[in-house]
Amino acid sequence: MDGIPCLWMRGGTSKGAYFLASDLPTERAALDDILLRVMGSPDANQIDGIGGADPLTSKVAILSPSTRDDADVDYWFLQVFPDRPLVSDAQGCGNILAGVGPAAIERGLVAATGAETRVRIHMVNTGEVASATIQTPGGRVRYDGDAAIDGVPGTHAPIPLMFDDVSGSMCGTLLPTGHEADEIDGVACTLIDNGMPCIVMRADAFGLSGVETRAELEANAALKERVEAIRLKAGHLMTLGDVSEKSVPKMFLVSCDADGAALMTRCFIPHRVHATVGVFAAITVATAATLRGSPAHEVAQLPEGTSVRVAHPGGAAEVLLERDDAGRVTRTGTLRTARKLFDGMVFPRA
């Protein structure tokens, strides 16, 4: 098979393959087949593809000229499961989103406009528009800089991402049940969607401290079974239907952070434990912390101002929450970085 033009990038705390839609099949079954073969799935090691044997490194962004007047580029995110023959567009990805602006400029979909270029991105999965500011001195994307994000070594050029309204991105409303907390299987849960459908629960409701390692949580079969049982029931309550084969909702265990972040998190995505935390998931769990009836609010230490730090196994993510006089979250944002890793041709396995 001929190679396919591919830009491999780190976006935030994830890595993925960035393609132009014009270089890929339009028929969904053929597209899924190509992407599985590109990544080397299904195989837990993805040894015969470019996937990194982890959901965080088995992601795809498909870019095309925008179909909307209020955006510059369309971005369709696809999660390629490492160990299953499954490609899902059931969610967006805010980390891979960080690489969309640079990739769109690299591929000529958006022209650099000066020292900085604002790229308006239509997130096809959810229908919202994000705004990314990319450093482009001399008309070229700059990747080096002084910005640091936890979970990524070194420093890079900052990429501010802002979202005007991602509430109800997939569930139709911020709180699909209308409640700040629901009880499922004896556990208080906030079912919430502010850019990512999530279920937020206290870690101590499961007899946990909330600072367990990824390995400890993934080795706890009883915990995983209980968490998944709650997820399957909540999927119907969140209007997502049968989520047994879906990558949403994400499952959050939250606790108080001893080092001063707003709260500590452990996130099942949904069957593996995230090494850090996704952008929209962090925004959503931070939003839950502002709701007085939420389990997240019970353990949160919310700071004054708009910056909220969400702790995770690799450090903390900075989330920006703008609220109205009633305390409702009205606008969100985050600071990410991205880096071009390689640009060339990828060859799907035969």
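These notes concern a predicted model and take up its strand pairing, its nonpolar cores and some backbone features.

1. Strand β14 (residues 307-312) takes part in two pairings: with β13 (residues 263-268) it runs parallel, joined by two bridges, and with β15 (residues 315-323) it pairs in the antiparallel sense over six bridges.

2. The largest nonpolar core holds 86 residues, of which Tyr75, Leu97 and Phe163 touch the most other members, and its largest share, nine residues, is contributed by helix α6 (residues 279-289). Another core, of 18 residues, lies apart from it and includes Trp8, Phe19, Leu35 and Ile62. Beyond its neighbours within four places in sequence, Tyr75 is in contact with residues including Ile62, Leu97, Val100 and Met123.

3. Two cis peptide bonds deserve a check against the coordinates: one runs from Val248 to Pro249, with omega near 0°, and Pro249 lies in the loop between α5 (221-237) and β12 (250-255). The other joins Ile269 and Pro270, with omega about 0°, and Pro270 is found in the loop between β13 and α6.

4. Asp185 is in the loop between β9 (182-184) and β10 (187-193) and, because its relative accessibility is 36%, counts as partly exposed. Thr239 lies in the loop between α5 and β12 and, at 53% relative accessibility, counts as exposed.

Conventions
Residues numbered from 1 in each chain as written. Predicted model: local features only at pLDDT ≥ 70, side-chain atom pairs only at ≥ 80, totals over all residues. Heavy atoms only, no water. Pairing = 2+ DSSP bridges. Helix = DSSP H or I, 4+ residues; strand = E, 2+ residues; numbered from the N terminus. Core = buried A, V, L, I, M, F, W, Y, C linked by side-chain atoms within 4.5 Å. Buried < 20%, exposed > 50% of the residue type's maximum accessible area, 1.4 Å probe, protein only. Contact = heavy atoms within 4.5 Å.
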